[in-house]
Structure formats: C-alpha cells, structure tokens
Amino acid sequence: AVILADMSHAGVGTGTGAEATTDVQLGTETNRLAPTSTISQANQIIIRTFFSNANLPSTTTELGWFMNGSGTANSGEFLARALNTFVKGSQDLNIVLQLTISRS
C-alpha cells in the first residue's frame, strides 16, 4: 500500500484546536519520530509509534501522522490528526493509527 510505504513519522504536540478536514499540520508540534512498526493485513494498515517519556511534552494534547516527511516539525504530507490528552509522568506513550482500506 502506498500509504504504508510513504508513512514516515508520527508527531505529538500541545495544540488544542478542534480537528478539521482542512488541517495540514499539528497545531503546536513538539516532537516526531519514525514508526516503530507497520503492519498491512487484508484491508487494514496499522502504524505504531513509541514515544518514550523523555520525548513527550508535559501534557500531550494532539497526535499526527505524516507521509514523506523528515524529523523536522511540519514536514511532509499530513495524513491525520487526533486530539487526546496524555499527562507526562513515569509512563511512555505508544500511539497507533489503524486504517481500513476499501478497495473497489
């Protein structure tokens, strides 16, 4: 799948604006990493990215996935954004993007 081959990074940030179909980047990106694992099975793509506690802001409020990007904030093609609050403590954060592809 092209999406799987082109998926380059997931990012976390502190933006709080509502998700919109017109989003082209995270509101306030603080860090991004390459996916830890990618799986393609049947009509699903699963992309996991592990953020250690050291790679997180004090409170993460947004997550995003990018294709053909680099480690630089706001680089690449923006695929998806989600709001989710994770308060930094002693835990790490593993984010998962699961896409179901419909082929016709």
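Where in the protein is the place of Asn55? Asn55 sits in the loop that links β4 (44-51) to β5 (59-67). The model is predicted.

## Fold

The protein has 1 helix and 7 strands. Their order along the sequence is α-β-β-β-β-β-β-β. The radius of gyration is 13 Å, close to the 13 Å given by the globule rule for 104 residues, so the protein is as compact as a globular protein of that length.

The C-alpha trace spans about 45 × 30 × 20 Å along its principal axes. Take the contacts between residues at least 6 apart in sequence: 70% of them join residues at least 24 apart.

## Burial and surface

Of the 104 residues in the protein, 34% are buried.

Charged side chains number 5 positive and 7 negative. The centres of these two sets are 6 Å apart.

## Asn55 in its loop

Back to the loop between β4 and β5.

Which residues does Asn55 contact, leaving aside its neighbours within four places in sequence? They are Val12, Asn31 and Leu33. For Val12, the separation in sequence from Asn55 is 43 residues. In space, the C-alpha atoms of Asn55 and Val12 are 9.1 Å apart.

Methods:
Residues are numbered from 1 along each chain as its sequence is written. This is a predicted model: local features need pLDDT of at least 70, side-chain atom pairs count only at pLDDT 80 or more; totals for chains, interfaces and linings use all residues. Side-chain values use heavy atoms; hydrogens and water are left out. Helices (H or I, at least four residues) and strands (E, at least two) are DSSP runs, numbered from the N terminus. The radius of gyration is taken over C-alpha atoms; the globule rule is 2.2 Å times the number of residues to the power 0.38. Buried means under 20% relative accessible area, exposed over 50%, partly exposed in between (1.4 Å probe, protein chains only). Contact means heavy atoms within 4.5 Å. Lys and Arg count as positive and Asp and Glu as negative; His and the chain ends are not counted. The place of a charge is taken as NZ of Lys, CZ of Arg, CG of Asp or CD of Glu.
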